[in-house]
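Let us read this fold piece by piece. Keep the sequence and the model in view as you go.

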Amino acid sequence: PTIRLLNHRASISSETEGASIEFRVNGGPWRLYTAPLEIPPGGQIEARAQRYGWAESGIAEAGN
């Protein structure tokens, strides 16, 4: 997946059509991504994508 950060807001996308995207902030629990989200100053976000029947992606990382 691709993570874009702008003014402490993260948006995540995947090149694989139909893939589900999960994210976590500062090593917390994985959650389903549905919309752009706020990232605290100094925060780290990780994202991964998976589509049923396909291999899971690698983990993308970004930080404020």
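Q: In what order do the 4 strands of the open sheet stand?
A: This is a predicted model, where local features need pLDDT of at least 70, side-chain atom pairs count only at pLDDT 80 or more, and totals for chains, interfaces and linings use all residues. Residues are numbered from 1 along each chain as its sequence is written, and side-chain values use heavy atoms, without hydrogens and water. Strands are DSSP runs (E, at least two residues) numbered from the N terminus, and two of them pair if DSSP finds at least two bridges between them. Here the pairing is antiparallel and the order is β4-β3-β6-β7.

Q: Which strands stand at the edges of this sheet?
A: Strands of a sheet pair through backbone hydrogen bonds. An edge strand here has a single partner, so one side is left without a neighbour in the sheet. That describes β4 (31-32) and β7.

Q: How many bridges join β3 to β6?
A: The two strands run antiparallel. Glu22 stands opposite Arg48 in β6, and Val25 has Ile45 as its bridge partner there. The number of bridges joining β3 to β6 is 6.

Q: Which residue in β7 stands opposite Ala47?
A: β6 and β7 pair in the antiparallel sense, over 4 bridges. Opposite Ala47 stands Ala60.

Q: How many of the 7 residues of β6 are buried?
A: Buried means under 20% relative accessible area, exposed means over 50%, and partly exposed lies in between (1.4 Å probe, protein chains only). β6 is mostly covered. Its buried residues number 5.

Q: Which residue in the hairpin of β1 and β2 takes a positive phi?
A: β1 (residues 2-6) pairs with β2 in the antiparallel sense over 5 bridges. Leu6 stands opposite Arg9. The hairpin has 2 residues between the strands, and the positive phi, near 50 degrees, belongs to Asn7.

Q: Is Ala35 buried or partly exposed?
A: Ala35 is found in the loop between β4 and β5 (37-38). Its relative accessible area is 39%, so Ala35 is partly exposed.
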